[in-house]
Amino acid sequence: MKPYLYFEGLCELVKEIKGDETVHVGIRPYGFHAGNTIALVVYPYLLCKYLEKSGKIAKLNFVVSINDWEQDVLDGPNIKEYPFNVFPKNTSIYYIKDEKGCCESVADHWQPIIERNMTRLKESFKDISFRFVRNSTLINHVFCQNLLLQTLKNPREQLEILKANSNKKTLEDPVQYAGIICPECHRAHGKSQALENGNVFWKCNECSCEKEGELKQFQYWWYHKPMLLARLEIFNVDITLSGGDHFSDGDFGIRKAYINKYSPSTKEPYMLFTPTVLSADGQKMSKSRNNTEFANISKFIKAVDGYMGNEIILTEDLIEKNVDEKNYNYIL
Ligand SMILES: [Zn+2]
Ligand SMILES: [Zn+2]
């Protein structure tokens, strides 16, 4: 296998596949800016378009991860310089309240917006399907439970995988790729321990909570790279669709190494990477809440269709102004 990069990769991938594969794509459920939509709407659209152009029927089955187990905000010694030495600033996305106040949580607010905008692709390609899955529901799968335990027990093993497959610099500390979220104060800071008896133990640094219980009794944060392996296995994924920043992290090699180390029988997926979306000032369209813009999706699709580069600038004409996000919608 080789990585499938940007538009050229998309065209090559279309030749390799039948059109009825399972495609995995994920999103942190707190926004739907242009940086997200390239992987969630634009590339799915183009995959289907070029499948059909080549005479195949687009029947792709999209598994969309709603990443509520990821860190609320990344923290660490230097998150840019040492991206594998990071942990949650406060909590997991699961516990972030809806800032707009109209829903219980930020995931409850954004998931319907994500679902509505993705499922609209069915208007153009009626045989495709979507399944939206919150990370926090994966705990019901034994494979997820075991890999999560491994991640709690032995994070250094995973640091070695990351080091061996990436050009990024690493520190020997702190190294943690999953943790319990305090059941009392919902903060991520404390000691998470996998015990010999199969239970887990939590001691909070922020409040007085100390608790032992079964794995399924707790909520977690979990670094997306090991967590992806759980999803590849559980959903029998054929194709991963990810932003170009994952490719520069080394994810092509990292994912293969995770499979080899923890689950050699898991299918190695085709990995398609999208260009990275930059805002007009040349900065990466951020995962933070400033420096994000909504795209005019139909114009954005036209701009990305045939675009060969690895980075694309969201120029003024591609931006959708004055968006009422709850009603954000597009016409193809
Ligand atoms: Zn809301
Ligand atoms: Zn606590």
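Student: Where does helix α2 have its kink, and how big is the angle?
Tutor: This is a predicted model, and in it α2, which covers residues 34-53, has a kink of about 30° at Val42.

Student: Is α2 largely enclosed or exposed?
Tutor: Of its 20 residues, 16 are buried, so α2 is largely enclosed by the rest of the structure.

Student: Which residue takes a positive phi just after α2?
Tutor: That is Gly55, with a phi of about 95°.

Student: How many bridges link β12 and β13?
Tutor: There are 5 bridges between β12 (residues 239-243) and β13 (residues 270-274), which pair in the parallel sense. As a place to look, Leu241 stands opposite Leu272 in β13.

Student: New topic: where is Ala303?
Tutor: Ala303 sits in helix α9, residues 297-304.

Student: Why does Ala303 count as partly exposed?
Tutor: Ala303 has 18 other C-beta atoms within 10 Å, and a residue is called buried at 20 or more and exposed at 12 or fewer, so 18 falls in between.

Student: And what separates Ala303 from Ala280?
Tutor: They are 23 residues apart along the chain, and their C-alpha atoms are separated by 15 Å.

Methods:
Residues numbered from 1 in each chain as written. Chains lettered and ligands numbered in written order. Predicted model: local features only at pLDDT ≥ 70, side-chain atom pairs only at ≥ 80, totals over all residues. Bend = angle between axes of the 7 residues up to and from the residue. Helix = DSSP H or I, 4+ residues; strand = E, 2+ residues; numbered from the N terminus. Pairing = 2+ DSSP bridges.
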